[in-house]
Each structure stands twice: as structure tokens, then as C-alpha cells.
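Hi,

Here is the structure I said I would pass on.

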Amino acid sequence: MENISSQDLSEQIKEVTKESHVRAENTELMLSFQRGQVTLQQYKLLLCSLYEIYQALEEEMDRNSNHPAVAPIYFPAELARLKSIEKDLEFFYGPDWREKIVVPAATQRYSHRLRQIGKENPEFLVAHAYTRYLGDLSGGQVLGRIAQKSMGLKSANGLSFFTFPGVSSPNLFKQLYRSRMNSVELTEEERNGMLEEAVRAFELNIQVFDGLQKMLSVPGNLQQQSSTNSKAVHSKTLQIPGTISPMLRMILGLFVALAAVVGLYAL
């Protein structure tokens, strides 16, 4: 690990994960998202992985909410995603969605890691929460509306993951979050450990990307899409509208993939 600089913790995390971030962007599944060629089936599988990851993250955040490193960045009312994901899964898979969830082994490994550090090194949860939540928040409602149009959904049902009703100003909230995060008092050893954990989070999520891609390439590994809610859009792909700018097209591709499995950089 490089020597500790005078940078804030949030800036240090960005710095040490640059290389891993680029690698995540260039996975096969990620490139598919950037081209706007993502099927509804892919999106549903991503939701399944989201559920496993957020269930572990939020249960450990709740359990360690009084920990001195976790308490400053604990915002369940504003940021919690689990109930939103459950709502989306029920829309796409039906009321028995829990029986239909399929995730790659890499997703299970990531969930296991979250539970492990929740018990042994709760301060490391900060690295995962920062990467995930601020990435999700950066996409926001605009990208949710684009995704709705792209998949041909007649309503916002199935897109609860994109909305944060408890956050009135994403930009102001992100400033508050970073400020709280940077105020956490850490020893040099703890700070180095947290930076290493941020890198580990990206590496785990790159494995999740690869695992999802393998599942998608082997039809026998996938669940049949039986939900009546999804029949109308079963054959649609997540096509990014051609009327938006190239930059917004790129941002949408980056957001949906990274926010769905890795968590986009906190913009």
C-alpha cells in the first residue's frame, strides 16, 4: 500500500481503485451495457445479484450502526436499497420471486466478505457503502426514466432501485456523505486496511461481472422468465435512445452496469 497522503479518505479511495475501475469497465458484460445491448434477462439477473449484495451490506450496516466508523455514514432512511430491490424483483418475477433468484458463486463470495468484515472489521464497511450508495445516487431518477423508456415499461414499476425519495438534493447529500466519511478517525493501519478493502471490493465485483456473463452464455443456468409482469417486455433490450447525447449515452451505460453490480464512482 502506498504511503498515506494528506488527501481525504474519499479521494484516496478513488486514487487506489483507478486501475480496478478501468478493468471493471472493460469486462464483457460491462461493454455490453455501454453499447446499450442489454436484455431484460440480463437486467433481471443483475437485480438478483443486487439483492444478495445489498441484503448482506445493509444487515451488517444495521448491526454495526453504532460503530464509530459506520455511524457517521449510516443513512438507512435516505439510502437503503433492499426494499426497493425486493419490489422490483416481485414485479419481474412475481410473488414467489425468492424461489427464482439465481446468482453466480462470485456474488455469494462478495456477500460472504461483507458479512465477514461486518463481524471482524466493521470499519471496512465504509469502503463498500461509499462505492455502492454514492454510485447509485449519482445515477438517480433521470437514468431511471431513460431505462423505463428503453425497456418499454408503461410505468415506473420495476425501477424502484433508481429512486431515492428520501434524498431531495443528490448533490448536496453526496457532499454531506463525503464530509461525514472524511471525518471518521482512523489509525494509519485502519486507513490502509480500508483502502485495500476498496480495491478488494472492485476485484470481487469484477468476478461478479464475469460470473453473470457465464450464466448468460449458458441457457441451462438461467431461470425461465415466467412472471406475467415481464411477458410484455420479454423480448425487449435495454436500448439507449438515439436522441440523447453521446456523453449521456455513455453515462447511462456506465451507470446501469456499475451501479447494478459494482457501484459507479461517486460523481
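Predicted model: local features only at pLDDT ≥ 70, side-chain atom pairs only at ≥ 80, totals over all residues.

The mean pLDDT of the chain is 79, with 70% of the residues reaching 70 or more. Over residues 223-267 pLDDT stays under 50, and for that stretch the model has 127 contacts beyond four places in sequence.

The chain contains twelve helices and two strands. Reading from the N terminus, the order is α-α-α-β-α-α-α-α-α-α-α-α-β-α. There are 267 residues, and 56% of them count as buried.

Two packed helices are described by the angle between their axes and the distance between the axes, so that is how I'll go through them.

**α4 with α6**

Helix α6 covers residues 82-93, and its axis is 9 Å from that of α4, at an angle of about 150°. Parallel or antiparallel? With angles over 145 degrees counted as roughly antiparallel, α4 is roughly antiparallel to α6. The crossing of these two is left-handed. On the α4 side the residues involved include Leu40, Tyr43, Leu47, Cys48, Tyr51 and Glu58, and on the α6 side they include Leu82, Ile85, Asp88, Leu89 and Phe92. Sorted by class, this contact has 13 nonpolar residues, one polar and four charged.

**α7 with α10**

Helix α7 (residues 105-120) and helix α10 (residues 188-217) have axes that come within 8 Å and cross at roughly 155°. That angle is also past the 145-degree cut-off, so α7 and α10 are roughly antiparallel to each other. Their crossing is left-handed. From α7, the contact is made by Ala106, Thr107, Arg109, Tyr110, Arg113 and Ile117, while α10 brings Glu197, Arg200, Ala201, Leu204, Asn205, Gln207 and Val208. Those residues divide into six nonpolar, three polar and four charged.

**α1 with α10**

Helix α10 also meets helix α1, which spans residues 9-16; here the axes come within 9 Å and cross at roughly 45°. That makes α1 oblique to α10. The crossing is right-handed. Leu9, Gln12, Ile13 and Val16 of α1 make the contact with Arg191, Met194, Leu195, Ala198 and Val199 of α10. By class there are seven nonpolar residues, one polar and one charged.

**A few single residues**

Where does Ser49 sit? It is in helix α4, which runs over residues 40-63. Is Ser49 buried or exposed? Its relative accessible area is 0%, so Ser49 is buried. Apart from its neighbours within four places in sequence, Ser49 is in contact with Val103, Pro104, Thr107, Val208 and Leu212. Some of these names come back from the helix pairs above: Thr107 of α7 and Val208 of α10 both take part in the contact between those two helices.

Leu212, one of the contacts of Ser49, lies in helix α10. With a relative accessible area of 1%, Leu212 is buried. Pro104 is another contact of Ser49, and the C-alpha atoms of Leu212 and Pro104 are separated by 6.1 Å, although the two are 108 residues apart along the chain.

Ala201 belongs to helix α10 as well. At 3% relative accessibility, it counts as buried. Setting aside neighbours within four places in sequence, Ala201 is in contact with Tyr110 and His128. Tyr110 is on the α7 side of the contact between α7 and α10. Ala201 and Leu114 make another pair to look at: they are 87 residues apart in sequence and 9.4 Å apart in space, C-alpha to C-alpha.

Last, there is Asp136, found in helix α8 (residues 125-151). Its relative accessible area is 1%, so Asp136 is buried.

Best wishes

Notes. Residues numbered from 1 in each chain as written. Heavy atoms only, no water. Helix = DSSP H or I, 4+ residues; strand = E, 2+ residues; numbered from the N terminus. Buried < 20%, exposed > 50% of the residue type's maximum accessible area, 1.4 Å probe, protein only. Contact = heavy atoms within 4.5 Å. Axes fitted to C-alpha atoms, helices over the stretch in contact; angles between N-to-C directions. Parallel < 35°, antiparallel > 145°, perpendicular 65-115°, else oblique. Left-handed = near helix turned anticlockwise from the far one by under 90°. Nonpolar A, V, L, I, M, F, W, Y, C, P; charged D, E, K, R; others polar. pLDDT = per-residue confidence, 0-100.
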